[in-house]
4 protein chains.
Amino acid sequence: MATNSFGNIFRITTWGESHGKAIGVVIDGCPAGLAISEEDINQALARRAPGKNPYTTPRQESDHAEIYSGIFEGKTTGAPISIVVMNKDADSSQYTDIKNLLRPGHAHFTYLEKYGIFDYRGGGRASARETVGRVAAAAVASKLLEHFNIKTHAYLSAVSSIQATYLPDNFTQLKTATLNSPIFCPDAHAEQLICEQIALAKSQGDSLGGVVTFIAENMPVGLGDPIYEKLEANLAKAMLSLPATKGFEIGEGFNAAVMSGSTHNDAFIKQDNKTQTATNHAGGILAGISTGMPLSGRVAFKPTSSIKKPQPTLDTTGTAQVFNLPEGSRHDPCVAIRAVPIVEAMLQLVIADAYLLNRCVKL
Amino acid sequence: MATNSFGNIFRITTWGESHGKAIGVVIDGCPAGLAISEEDINQALARRAPGKNPYTTPRQESDHAEIYSGIFEGKTTGAPISIVVMNKDADSSQYTDIKNLLRPGHAHFTYLEKYGIFDYRGGGRASARETVGRVAAAAVASKLLEHFNIKTHAYLSAVSSIQATYLPDNFTQLKTATLNSPIFCPDAHAEQLICEQIALAKSQGDSLGGVVTFIAENMPVGLGDPIYEKLEANLAKAMLSLPATKGFEIGEGFNAAVMSGSTHNDAFIKQDNKTQTATNHAGGILAGISTGMPLSGRVAFKPTSSIKKPQPTLDTTGTAQVFNLPEGSRHDPCVAIRAVPIVEAMLQLVIADAYLLNRCVKL
Amino acid sequence: MATNSFGNIFRITTWGESHGKAIGVVIDGCPAGLAISEEDINQALARRAPGKNPYTTPRQESDHAEIYSGIFEGKTTGAPISIVVMNKDADSSQYTDIKNLLRPGHAHFTYLEKYGIFDYRGGGRASARETVGRVAAAAVASKLLEHFNIKTHAYLSAVSSIQATYLPDNFTQLKTATLNSPIFCPDAHAEQLICEQIALAKSQGDSLGGVVTFIAENMPVGLGDPIYEKLEANLAKAMLSLPATKGFEIGEGFNAAVMSGSTHNDAFIKQDNKTQTATNHAGGILAGISTGMPLSGRVAFKPTSSIKKPQPTLDTTGTAQVFNLPEGSRHDPCVAIRAVPIVEAMLQLVIADAYLLNRCVKL
Amino acid sequence: MATNSFGNIFRITTWGESHGKAIGVVIDGCPAGLAISEEDINQALARRAPGKNPYTTPRQESDHAEIYSGIFEGKTTGAPISIVVMNKDADSSQYTDIKNLLRPGHAHFTYLEKYGIFDYRGGGRASARETVGRVAAAAVASKLLEHFNIKTHAYLSAVSSIQATYLPDNFTQLKTATLNSPIFCPDAHAEQLICEQIALAKSQGDSLGGVVTFIAENMPVGLGDPIYEKLEANLAKAMLSLPATKGFEIGEGFNAAVMSGSTHNDAFIKQDNKTQTATNHAGGILAGISTGMPLSGRVAFKPTSSIKKPQPTLDTTGTAQVFNLPEGSRHDPCVAIRAVPIVEAMLQLVIADAYLLNRCVKL
């Protein structure tokens with residue numbers, strides 16, 4: 001019942017605050033014999049790191065993960081893997097002035113009410129920095145998926161009303177196009193429009209929401225465990241546990257609500273000597289279990305709550321005040337961009353866990 | 001790690017197949033001293049029961065729940081509450097002819113691949129009848145919420161492209177309007193259009209998708225436990241664990257992705273001597289914890305997979321076949337209608353659990 | 001976090017009170033494809049049933065288990081298996097007179113203090129009748145172990161100061177001797193002395209404690225998961241969760257405390273082309289993981305708390321009273337006898353769970 | 001289902017190997033508002049540290065714990081508390097020569113068989129050094145218990161056949177006597193005999209087993225959750241999860257098996273205006289729930305497996321070899337001594353968890 005743990009077999013426990021001493025994760029349940037290095041983890045963290053384009057928060061973290069346990073002679077041993085990232089860049093002084101203000105759209109009010117105490121420095125535990133532990137753990141999960149030949153991907157599919165529509169057909173091309181984009185958007189035309197839109201919002205001190213699409217290929221049939229560990233249920237939980245998320249779709253998602261059964265149903269066909277479906281409106285899942293078709297869905301992110309505009313609010317005594325972002329504060333006008341590798345991380349964690357759990361279902 | 005259990009403290013374990021001997025649930029973790037009767041549970045099941053309007057499946061189940069344990073002199077004792085509903089109407093013969101066909105949009109293929117065996121009768125464990133246990137458990141959870149003065153509701157907010165838009169402002173009126181509608185739609189105009197649309201689809205042997213909206217009022221501040229037991233994360237998991245669901249939204253949901261931060265942020269204000277927000281785009285949650293504002297979200301349902309049209313498919317040997325719904329089969333053209341009380345049930349289960357879990361967070 | 005559930009993968013949830021409508025169990029996580037019948041379960045319950053000898057409680061329950069879910073065409077499907085035993089013989093009237101007395105050695109005081117309410121009829125949830133669900137579940141687990149070729153056994157090894165010492169060397173002979181004994185004691189000489197001792201205690205209205213020994217053969221190497229799911233840790237929990245248990249030993253147990261390392265250490269040898277140990281002081285476990293040698297240990301049971309002697313006590317108002325067992329009450333002078341099949345049941349549940357969990361530890 | 005986690009609400013996840021980079025623990029579920037410092041934790045670790053007497057292993061670890069997260073302005077925030085202890089003294093070279101030998105009484109054989117890989121350096125994850133994380137976590141739990149006014153203690157009650165018998169009546173005196181003893185034995189006479197016995201065993205290169213007694217006073221009534229989270233069940237699991245443990249007793253333990261019911265039953269009496277029992281054979285528990293009387297039990301430890309005598313064994317290829325402890329190896333002739341603070345740590349963890357869980361059982 002640990003509220004900072006996720007997963008059944010491949011189970012992670014994340015810890016750490018934005019301006020605390022360090023941030024990290026303990027992975028329990030990773031099978032023994034998997035080759036993993038600190039370099040693997042740091043590469044994954046580098047993809048997540050902000051500051052590599054003008055559209056995300058300029059914090060220069062240069063995160064460096066260290067593996068403290070669970071690896072022997074380059075391989076997992078079955079023991080818990082502890083990964084630690086020391087926090088370097090953490091000037092908390094700017095938060096002192098605003099520590100008694102209920103910051104709109106932020107954790108301040110609810111954390112303070114719930115716990116009676118709030119580490120307000122950089123958002124504390126509620127900061128998106130918390131996802132460092134998830135990404136580090138997912139670097140291990142992705143090695144596991146690689147071993148099982150499962151491929152995952154995520155990309156920015158919309159910001160505000162601009163949608164990525166011209167997408168490469170092929171998984172590899174899609175991945176390449178995404179990684180070549182400073183905003184993880186594989187549609188070059190949409191990328192340009194989004195960058196302009198973000199620049200405009202930034203100049204106005206405002207922020208924008210967005211959508212991240214995830215996909216997994218080479219999925220085995222059978223992952224996901226009814227009733228409550230259905231693959232889409234765990235994906236939904238995984239994604240909605242991320243900061244700033246407001247919606248989740250699998251397959252057609254809300255669009256399924258406006259379709260008819262005769263259009264939505266995917267016909268079974270024999271192809272490449274496998275049972276497949278002619279279409280994939282279901283998004284690779286039937287009755288909570290993977291069909292072997294590509295697993296796909298979308299996650300909605302709200303516009304960044306931190307904006308450079310004065311906002312009416314209360315202080316902790318209940319008096320009306322105006323909230324202004326402190327001078328020199330970082331300002332990330334669209335969190336959906338940075339969220340792309342994090343969404344992929346959660347996808348990897350969910351699939352890795354379902355894969356292991358699926359080993360127990362037959363005699 | 002039980003895949004048929006849900007919840008941390010208020011924890012349910014559901015069991016049973018559509019055409020098995022019975023269906024039921026065991027509730028663990030319900031506090032002692034709560035008054036609960038079989039009548040309470042049967043009333044909840046009656047709301048869920050199909051057949052009370054021409055738009056849902058005509059199966060006449062007349063479910064009758066019995067409490068087998070956990071209640072003494074009309075009150076909970078802290079012991080597990082076992083609730084059993086015997087299955088009555090279960091003619092499985094019609095399923096024999098189609099038992100070797102991979103039914104499009106159904107569990108047949110994935111269950112068979114995963115487990116090597118599939119109880120195909122009425123969909124077995126994958127049938128929506130599985131939700132009887134959830135609704136019975138939620139009848140107990142709803143008594144708990146009543147005790148804590150929390151109110152919940154759900155209604156049909158869209159079918160196909162018809163949206164309920166003219167809604168009563170007031171929670172009580174909304175509830176009344178919903179319960180007065182044979183399709184749980186509180187907007188009389190939309191109700192009429194939806195009924196026509198469903199009648200049309202039915203006449204064509206086709207089916208329609210829909211959306212169910214849920215809401216909770218009088219929420220205390222502080223429910224939901226970061227990081228992975230965030231209230232919206234557990235709601236998302238709860239809803240996506242329901243059959244036929246394809247999407248989940250909290251607050252503005254996907255609409256948040258097209259908003260700007262200055263519009264989406266809810267300003268804190270003092271009202272009725274409480275800290276509230278002037279708007280509620282967040283849907284009653286900040287950083288995974290309830291704000292005390294109404295909790296609201298939406299769940300997308302795909303069109304019913306069972307349609308009265310021939311569909312190309314394979315049999316279990318991989319040979320191409322045509323799937324036809326057996327003569328006399330029930331046919332429910334829009335599962336979203338029946339899903340309304342089930343969505344409310346999941347909402348109640350999640351809130352009850354979060355309420356109890358919240359007792360442990362302070363000294 | 002369900003307090004009425006046990007096991008990680010092969011997970012049981014038991015429910016029911018001594019004088020409630022029924023008693024039962026839901027098994028989650030049993031692999032699909034296992035042949036199981038109601039007859040299998042009822043045979044296991046028959047072994048547990050009291051009344052087949054003059055030394056245990058004379059209640060004639062003639063328990064009959066029904067499988068309500070999870071079995072299709074004689075085999076498990078991977079869905080939860082719900083087993084229900086209706087309570088028949090439950091005259092609660094005799095408990096009315098003593099319902100306000102804190103019964104010495106019983107649950108009355110602690111349950112009432114903890115929950116504010118106590119189903120006192122027959123001990124309610126705290127009755128040893130609660131173990132019916134465990135034994136039913138273990139009947140399924142034992143089928144699984146049979147499939148994996150693991151053999152389990154338990155026998156009465158001591159009552160009061162009489163110890164079973166002349167034991168058959170061979171597992172099969174030991175099992176036969178145990179099943180031929182009305183008190184599950186494979187040493188005929190000890191059996192006779194114990195029966196005499198029990199008869200004496202009974203004539204005095206008193207009761208006796210005892211010890212049950214458990215053993216498993218053909219164990220695979222590798223079961224048990226460090227650190228907290230060590231095989232002996234889960235066995236200890238399993239056994240101490242049984243009513244009336246006060247002690248647990250694995251291998252030499254407390255005797256290990258008086259040994260020297262040079263005597264206690266088991267030397268590794270090659271035998272039957274397998275790595276074995278020359279002795280087995282460890283009881284088949286090293287560092288929490290099974291060695292492949294016979295798994296063995298012991299469980300201490302206190303003397304039955306219900307005795308036919310007047311006992312000073314308090315009533316629920318705190319007034320001094322004398323507690324007398326009601327006329328016609330059942331009186332079982334040595335619960336350790338009835339506990340024998342229950343100890344074996346817990347052994348089976350623990351091993352089955354460890355077996356499945358062990359599937360996830362390697363690539 | 002994390003195998004390296006323990007507890008339901010107050011839940012710890014330990015990680016780290018004997019000769020890895022560090023060792024540590026993440027505590028989830030500690031209530032917010034508890035004052036805790038690194039000094040508190042380091043004091044607890046100092047008590048556990050070996051080397052402060054001639055009777056335990058001479059490794060000079062000078063462990064220094066750092067808190068990496070979860071504390072803000074000196075108090076817990078409700079966020080996970082990550083505690084890290086860097087490993088300093090870890091010369092692994094001596095283990096290279098014996099890495100292919102199955103060390104008698106050690107983890108080598110079972111870990112290698114289970115995982116296919118074994119970090120043999122200093123015993124890796126199976127080393128008693130693993131308990132550093134438990135003790136650090138228990139330092140936090142003990143602060144919680146202090147807040148709730150619950151007192152805990154543990155002491156060495158036997159080594160080989162020497163038993164501590166002359167014990168101070170009073171809890172405080174018992175504690176003082178224990179802490180004044182270099183071997184945590186509050187009976188000065190027994191202490192002397194034990195020291196002599198250990199010196200003898202050491203001189204012979206042999207080792208001795210022992211018993212640790214634990215006790216808790218000022219227990220509230222109501223801790224422990226039937227059926228499977230009974231207080232004694234979780235204590236048993238906690239203790240048997242410790243390295244080298246072979247037995248567990250609560251109250252009279254195995255002695256209860258030789259008592260009669262009329263002697264073992266504790267009569268309820270009114271004393272100090274509270275419901276108490278005249279005797280406490282039960283050890284402070286009835287039906288899995290604390291009675292408010294002192295909670296007490298015992299844990300058996302086997303003699304240290306590492307001895308300075310040649311032992312026949314196999315190497316990993318199955319060839320017969322002789323195992324000799326490498327020159328300069330540490331040799332701790334009686335692990336029961338060092339286990340004393342660790343047993344108390346597990347006691348604290350179990351009680352803290354039960355305390356929090358007990359908040360959820362009433363309306």
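This is a predicted model: local features need pLDDT of at least 70, side-chain atom pairs count only at pLDDT 80 or more; totals for chains, interfaces and linings use all residues.
Author: Local features need pLDDT of at least 70, side-chain atom pairs count only at pLDDT 80 or more, and totals for chains, interfaces and linings use all residues. Residues are numbered from 1 along each chain as its sequence is written, chains are lettered from A and ligands numbered from 1 in the order in which they are written, and side-chain values use heavy atoms, with hydrogens and water left out.

Reader: What makes Glu66(B) and Lys21(C) a salt bridge?

Author: The term needs a side-chain nitrogen of Lys or Arg within 4 Å of a carboxyl oxygen of Asp or Glu. In this pair the closest N and O atoms are 3.0 Å apart. So the pair qualifies. Between chain B and chain C the count is 4 salt bridges.

Reader: Which pair shows a salt bridge between chain C and chain D, and at what N to O distance?

Author: Asp225(C) and Lys114(D), at 3.5 Å.

Reader: How many residues does each chain bring to the contact of chain B and chain C?

Author: Contact means heavy atoms within 4.5 Å. By that rule, chain B gives 42 residues and chain C gives 42. By class, the chain B side has 18 nonpolar, 13 polar and 11 charged residues. Here Ala, Val, Leu, Ile, Met, Phe, Trp, Tyr, Cys and Pro count as nonpolar, Asp, Glu, Lys and Arg as charged, and the others, Gly among them, as polar.

Reader: What area do chain B and chain C bury between them?

Author: About 3200 Å², with 62% of it on carbon and sulfur atoms. Buried area is the accessible area (1.4 Å probe) that two parts lose on being put together, summed over both. Tyr68(B), Phe72(B) and Ile117(B) supply 21% of what chain B buries against chain C, more than any other three residues.

Reader: And how much is buried between chain D and chain C?

Author: About 7900 Å², of which carbon and sulfur atoms give 64%. Lys114(D), Tyr228(D) and Lys246(D) supply 12% of the area that chain D buries against chain C, more than any other three residues. The contact takes 104 residues from chain D and 103 from chain C.

Reader: How many residue pairs are in polar contact between chain D and chain C?

Author: The count is 44, both residues at pLDDT 80 or more. A polar contact is a pair of N or O atoms within 3.5 Å; within protein, one must be able to donate a hydrogen and the other to accept it, and residues adjacent in sequence count only if both atoms are side-chain atoms.

Reader: Why do β11(C) and β11(D) count as paired strands?

Author: Pairing requires at least two bridges found by DSSP. Strands are DSSP runs (E, at least two residues), numbered from the N terminus. Here 3 bridges join the two strands, residues 245-250 in each chain. So they pair, and they run antiparallel. Phe248(C) stands opposite Phe248(D).

Reader: How do you know that chain D and chain C are related as by a two-fold rotation axis?

Author: A rotation of 180° with 0.0 Å of shift along its axis superposes chain D on chain C, at RMSD 0.0 Å. The two copies are thus related as by a two-fold axis.

Key
Copies are superposed by least squares on the C-alpha atoms of residues with pLDDT of at least 70 in both. Helices (H or I, at least four residues) and strands (E, at least two) are DSSP runs, numbered from the N terminus.
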